[in-house]
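I set out to record what I looked up in this structure. The entries follow the order in which I worked.

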4 protein chains.
Amino acid sequence: MSIRIGVIGTGWIGEQHVHRLTNVIAGAEVVAVSDIDLELAAKVGASAGARVVDTAEKLIGDPEVEAVVVTSWGPAHAEQVLACIEAGKPVFCEKPLTTDAADGRRIMDAEQAFGRRLVQVGFMRRYDAGYRQMKRVIDEGGIGTPLIAHCVHRNAAVRESYTTEMAAKDSAVHEVDALRWLLGEEFASVQTVLPRRTAKRFEHLRDPQIFLFETASGARVDVEVFVNCQYGYDIQCEIVGEEGAVRLPDPAAPAVRAAGRVSVPVLHEFGDRFTDAFDVELQEWVGRVAADEVPLGPSSWDGYAATVVTDAAVQSLHSGVIVPIDLGERPALYA
Amino acid sequence: MSIRIGVIGTGWIGEQHVHRLTNVIAGAEVVAVSDIDLELAAKVGASAGARVVDTAEKLIGDPEVEAVVVTSWGPAHAEQVLACIEAGKPVFCEKPLTTDAADGRRIMDAEQAFGRRLVQVGFMRRYDAGYRQMKRVIDEGGIGTPLIAHCVHRNAAVRESYTTEMAAKDSAVHEVDALRWLLGEEFASVQTVLPRRTAKRFEHLRDPQIFLFETASGARVDVEVFVNCQYGYDIQCEIVGEEGAVRLPDPAAPAVRAAGRVSVPVLHEFGDRFTDAFDVELQEWVGRVAADEVPLGPSSWDGYAATVVTDAAVQSLHSGVIVPIDLGERPALYA
Amino acid sequence: MSIRIGVIGTGWIGEQHVHRLTNVIAGAEVVAVSDIDLELAAKVGASAGARVVDTAEKLIGDPEVEAVVVTSWGPAHAEQVLACIEAGKPVFCEKPLTTDAADGRRIMDAEQAFGRRLVQVGFMRRYDAGYRQMKRVIDEGGIGTPLIAHCVHRNAAVRESYTTEMAAKDSAVHEVDALRWLLGEEFASVQTVLPRRTAKRFEHLRDPQIFLFETASGARVDVEVFVNCQYGYDIQCEIVGEEGAVRLPDPAAPAVRAAGRVSVPVLHEFGDRFTDAFDVELQEWVGRVAADEVPLGPSSWDGYAATVVTDAAVQSLHSGVIVPIDLGERPALYA
Amino acid sequence: MSIRIGVIGTGWIGEQHVHRLTNVIAGAEVVAVSDIDLELAAKVGASAGARVVDTAEKLIGDPEVEAVVVTSWGPAHAEQVLACIEAGKPVFCEKPLTTDAADGRRIMDAEQAFGRRLVQVGFMRRYDAGYRQMKRVIDEGGIGTPLIAHCVHRNAAVRESYTTEMAAKDSAVHEVDALRWLLGEEFASVQTVLPRRTAKRFEHLRDPQIFLFETASGARVDVEVFVNCQYGYDIQCEIVGEEGAVRLPDPAAPAVRAAGRVSVPVLHEFGDRFTDAFDVELQEWVGRVAADEVPLGPSSWDGYAATVVTDAAVQSLHSGVIVPIDLGERPALYA
């Protein structure tokens, strides 16, 4: 009675999702995996008792596969998601949906032609308990109309392959999606500000960065991205409304009183912070697929918007000026 | 490939576990349910696609049932668990393991005769993330040798059927198990203290109560149980060692600044507080059963100890004096 | 226009108060000091431009001295306070008012004979901002009728001269006064409980200790005193009422995120924690003396009660049983 | 032996300072007051036993007056401070030092001609315990080199007379001084950003506002000013360095658990938040004057810098673009 899932891409996040679908999520079974690295695919597939299929295309076309999880590298997402839509199969695609905004439009066109939503994009913060509680507070009028959001996104450190553009494309993209969702409106412009750079960095990397967004209604969202902050993985968010403010809670942790201090640990890894969110996200998606219902999570439109907004942020990074954002009309399918 | 489970007792917690095993836990399937209320059993069974079996005995004997979850009322637990052991089937029994300490001894005898552990008792706090983090801090020497523990166990309100003895047997029993586990030693005596009683109470109910335990090493554990505290469900625990102290975190929740206060919600329901712990607990148990391994969770010995300790607390409630606790020797099976 | 004050005893707290009255408090001037160590008296006196008087008696009788601060060692307090009353001079006496309860009665008799309050006892916690805010919450009905109080009193370490009896007499005495004041009622019994002792201790010292008080109305107050807790000076207090609970705040301190932890410092010294309370306490006292009004702070009755209650705690320490407390009737002067 | 002080201006803050110098601060005496409202001056003077002098000039020239506190309205400050310098008398001037940057230069010229510092400007945040603890953390290297500061300055509400320009000149000016001091460097540019405005406002008022400063070293400071936030007076500040971050503590307040929430009060009034800072500030100033030492607090240079920086913020408010800030050379007297 479990949903039979194929997973494309068995790198870090792919392996995590295979494990999750096998050992944590109810009602799912990974039956096929593929990866350009066949050896890796074999190892990960074996851990779940799943067959290895030698290409993404074959996996998508495999009659046993009822739904697809795309965890390949970003540039491959667009074609794989389009193939899933063509096959009429529900697809969960890790972010980014596409690396090019035009591809996002192609996906939306295909999905509209198909006539119903097939795609969910993996912005897991919408499934984090803290963010969900914040959203409830806002939606229930607990802070009045939102006017300002202050966000912080810090990693202890990143690998040398992390580039200056990735602060927007890989890091702030999470805040972009989360704030679009929390505020319930689109972003209209962005300005990238470059503070004094940390000396704890690679020569090629501009770190930290601050992104200043303006929404359609004029609300302001500032996002500090600091990916070599040394001390831990730290996500903060405060939303200020006309009547109050609400703050994302830090993860619960026991306070230790010792050696002259009261302290709580800061998480070190991104994965630790959002493990539960990933579980909830995929459990919901599996349940919706099993019930033959359209997904509730982030849509192709959300994936497309995130790409357009972070493209604009990169443009401002290079130009130093405010860059307007134009998403075009939101198709009715994504209302 | 899922484990086929039978659930005895489809009241509140039974229904929750049926739902959990069906929709949340990976690798489990509820195939049979039973309850003295057959109509209730039918309703809950239907939600999971499980057959209704008309007695606990038949369910335990059902060849399709590979493992049993006992969520019937307390007095029935002993015979049902014994029947599971006789049938050689793994059994997860909600607390209390038995309502009578002598029955606990019978279960341990049967399990020892069988030759390996079959029983896990449902003390879910050992699976709560906060308690587990505390245990790690203690085990890693973060506070030195524990000397004192301060515990608080408050409910917003209880039903009229809640009796004075239940403060020990139903409420403090959770702290008894959690602290035996956290401190890694047995309780040696208990004194029940009766503060001024709240006027927000039933005539028959002595509320709040304080239990003062001494452990084998002389550490002291005080537990305030206050089941009509009005304001919410609130579990607190601080353990003080020779070099520091560690405190159970409150559940993470967003702080709202509004109307002159910074506030976070307190949970109202016991279930909300330990939902994740129940999930982790049953997922681990299912995984161990699937792997044909003995359970890692609380054992018959733990269930027995909890009964003996809370019996002594009730005795002290009535006598007003310190009551020594004698558990006897711990069988090697539970070392 | 300043009040001219004489200070008896220029040890640690005496020197602090001389400094405070000279450099921090408005409207006061230290004109005379005395101490059995004349050299010390000379040094401290010089810092304030005050004369050294060679005995306490002469200082009290000195016509220039309008009010007296007693900061000599405890056993000398009774006679010095009695001499002040005889001289009709307002006296601020550091705790303990007396080391013997009978002397407390003598002081109350003398004060009643004089016809108005002249004595204030130095229980500074009543002047701590946190405790005062707690009292306001309780008095405004914010938690309903108090039923239970949980208190913690920890020092990083004490000197070898600290004895087992001092846990009650020198440490818990602060909680005794603070809780009598917060709850607005007297203590009726006490039981001293001895947890496993810390290995970080002197051979002669029983540490930690727990005191269990019952008030006249049946409320319960538990006080953990742990004077070699290693990690800092830490005062905690939670009061639980029929409708809620209120907790003493930790001192405000900046949270630092560094090296994998969020931490705030714990104070190390008792003095740091209550510096502001001492300032407020003496400023109020000076203002009342200047206005020729009776003191608002802890009275002879409060000093007497603290001695009786902590005497009983020491008795329970030795006997191991619950010791009833009988303060007798409270004289009308202290209503 | 007290310092004899004259106070110019007996409005809200003047009255507070007269009270403070009389009843809270050691070693000070207010001997003369003046105000354009003679009746008000008489009332406030009487409360301190001080003479009323009919003009500021006469008060400054009064031979009994040893030091002057200027709490008149802003536009009058420059001439009064210059008169104090001419008279060679120490002067404590509430912010702003001057409303016009050129006047600030005149004051510095006069002070340099006099040859030593006579002026202290009333930026009291430097005396707030929380800010001082933050400064200690930074100065001791607890967060590494500062890169970014996030500040929030919210009032529950302001009067109708509050103008859009005052967000910079009256509100953010406190953050300007505090951050110059915390970071130990000057501000180099400012950009004023206007979020969606709150509907809980006056028609004429643009509220909230965000100020983005860049320092000489490239560090970034963002300051949200929101003066009709409804919920209370709330000052937040986080400084992020290469190795960690430090956050200004909220004022300590007792947490109340009641009615389904854990809550602490937010202060309502600005005065409540910084009462202690005002006390410490004036006590230090009085002590320095008494010892015939130059003041330790904010100098004419600091007052001048604050005016130049906030002038630039207002300019950016109107122009919408980044405005560079040029303070010129800092005179050696203010090194």
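The same surface serves both copies, as 100% of the contact residues of chain D recur in chain B.

I note the conventions here: this is a predicted model, in which local features need pLDDT of at least 70 and side-chain atom pairs count only at pLDDT 80 or more, while totals for chains, interfaces and linings use all residues. Residues are numbered from 1 along each chain as its sequence is written, and chains are lettered from A and ligands numbered from 1 in the order in which they are written.

**Chains D and B**

I looked up the contact itself, counting two residues as in contact if their C-beta atoms, placed from the backbone, lie within 7 Å. Chain D gives 14 residues and chain B gives 14 residues. On the side of chain D that touches chain B, strand S13 (255–258) and strand S14 (261–265) of chain D are the elements that give two or more residues. S14(D) gives the most, with five residues. I took helices (H or I, at least four residues) and strands (E, at least two) as DSSP runs, numbered from the N terminus.

By class, this side of chain D has seven nonpolar, four polar and three charged residues. Ala, Val, Leu, Ile, Met, Phe, Trp, Tyr, Cys and Pro count as nonpolar, Asp, Glu, Lys and Arg as charged, and the others, Gly among them, as polar.

I also checked the strands, which pair if DSSP finds at least two bridges between them. Strand S14 (residues 261–265) of chain B pairs with S14(D) in the antiparallel sense, over five bridges. One bridge joins B:Arg261 to D:Pro265 in S14(D).

**Chains C and D**

How many residues of chain C are in contact with chain D? I found 27 residues of chain C in contact with 27 residues of chain D. Helix H1 (12–23), helix H6 (129–139), strand S12 (244–247) and strand S13 (255–258) of chain C each supply at least two residues to this side of chain C. Its residues divide into 17 nonpolar, six polar and four charged.

S13(C) pairs with strand S12 (residues 244–247) of chain D in the antiparallel sense, over four bridges. There, C:Arg257 stands opposite D:Ala245 in S12(D).

Chain C can be laid on chain D by a turn of 180 degrees and a shift of 0.0 Å along the axis, with an RMSD of 0.0 Å. The two copies are thus related as by a two-fold rotation axis. Of the residues of chain C, C:Ala26 comes closest to the rotation axis, at 2.1 Å (C-alpha).

**Within chain A**

I looked up the domain assignment, whose bounds come from an automatic or database source. For chain A it gives domain 1 (3–125 + 275–299) and domain 2 (130–268 + 306–334). Their centres, taken over C-alpha atoms, are separated by 26 Å. The contact takes 14 residues from domain 1 and 12 residues from domain 2 of chain A.

Lastly, I recorded an open sheet of six strands in chain A, with the order S3-S2-S1-S4-S5-S6 and parallel pairing.

Key. Copies are superposed by least squares on the C-alpha atoms of residues with pLDDT of at least 70 in both.
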